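Dear colleague,

Please find the structure below.

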Amino acid sequence: MLVFIECEAVSVEGCLRELKEKAKILENMPGSIEKAKIELSFGAFMGIRIALNIDPTKKAEKYIIAEYTSGKDVIERLQQKMQNGIKDTEIVDFTFGTYTMPVTRRKYAVGVAVVNRLKEERDFENPTIEERRAILRKALELFGWNPKALNISEIARLFNVSRDSIYNDIEQIMKERE
């Protein structure tokens with residue numbers, strides 16, 4: 001799925017504010033960003049154009065991180081601000097640019113990054129009884145509903161429960177099946 005976001009404003013601040021507002025559409029959109037292209041333009045207006053290719057079959061939180069700095073040491077300060085935003089993420093694309101105002105000679109640096117934060121999968125350490133039984137039900141189905149095909153000790157170890165709990169789960173699953 002392709003998603004296009006375009007922002008334009010007379011100020012850097014206004015353009016980034018508009019971008020952050022428009023990027024909220026990604027919050028409820030399923031999938032993960034596979035590819036991105038970012039373009040910045042400076043002049044009488046600041047413009048940002050972003051094209052995203054989203055794969056709806058993958059799960060991730062999607063973000064557009066946009067920051068700016070002005071004054072002295074703009075690149076170093078922008079880099080620091082961007083580092084804070086991209087922690088624990090997968091960067092799909094990024095860009096930065098600088099612009100000096102003609103009259104005031106004030107320098108701006110703008111950085112934009114498109115990132116995914118992968119959603120954590122649940123582990124086997126503490127699943128609910130329902131989750132554990134759903135997994136056992138699937139295993140039993142795959143082995144022709146033959147509980148003797150399962151290594152009860154190993155399953156109990158994986159789920160961090162007693163063997164009696166696994167035997168009880170299997171008994172309940174077989175009752176439900178009847």
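A residue is called buried when its relative accessible area is under 20%, exposed when it is over 50%, and partly exposed in between, with a 1.4 Å probe and protein chains only. Asp88, with a relative accessible area of 71%, is therefore exposed. Please note that this is a predicted model, in which local features need pLDDT of at least 70 and side-chain atom pairs count only at pLDDT 80 or more, while totals for chains, interfaces and linings use all residues. Residues are numbered from 1 along each chain as its sequence is written, and side-chain values use heavy atoms, with hydrogens and water left out.

Helices (H or I, at least four residues) and strands (E, at least two) are DSSP runs numbered from the N terminus. Two strands pair if DSSP finds at least two bridges between them.

I begin with the open sheet. Its three strands are in the order β4-β6-β5, with antiparallel pairing. The edges are held by β4 (60–70) and β5 (90–100); each has a single partner strand, so one side of each lacks a neighbour in the sheet. On average, neighbouring strands of this sheet are turned by 10° against each other, direction ignored. Here axes are lines fitted to C-alpha atoms, for helices over the stretch in contact, and angles run from 0 to 180 degrees between N-to-C directions. Ten bridges link β5 to β6 (residues 107–118) in the antiparallel sense, and Gly97 has Val110 in β6 as its bridge partner.

Two helices accompany this sheet. Helix α1 (residues 12–22) packs on the sheet and touches β4 and β6, its direction making about 175° with that of β4; contact means heavy atoms within 4.5 Å. Helix α2 (residues 74–85) lies across β4, β5 and β6 and runs at about 160° to β4. The buried residues of α1 include Val12, Cys15 and Leu19, and the buried residues of this helix pack against β1 (2–9), β3 (46–55), β4 and β6.

Eight bridges pair β1 with β3 in the antiparallel sense, and Cys7 stands opposite Ile48 in β3. The covered face of β1 consists of Val3, Ile5, Cys7 and Ala9, whereas Leu2, Phe4, Glu6 and Glu8 form the uncovered one. Strand β2 (residues 32–41) runs antiparallel to β3 and is joined to it by nine bridges; Lys35 has Asn53 in β3 as its bridge partner. A hairpin of four residues connects β2 to β3.

The largest pocket has a volume of about 250 Å³. On a 1 Å grid over the protein atoms alone, a pocket is an open set of points where a 1.4 Å probe fits, with protein on both sides within 12 Å along at least five of seven lines, and lining residues have an atom within 4 Å of a point. Of the 13 lining residues, Gln79, Met82, Phe94, Thr95 and Phe96 lie nearest the centre of the largest pocket. At least two lining residues come from each of α2, β5 and β6, and α2 gives the most, with five.

Finally, two loop residues deserve a look. Most residues other than glycine have a negative phi. Asp88, in the loop between α2 and β5, has a positive phi near 60°. Trp145 also has a positive phi near 60°, and is placed in the loop between α3 (129–142) and α4 (152–159).

With kind regards

How values were computed: Grid points are joined across faces, edges and corners, and a volume is the space filled by probe spheres set on the points.
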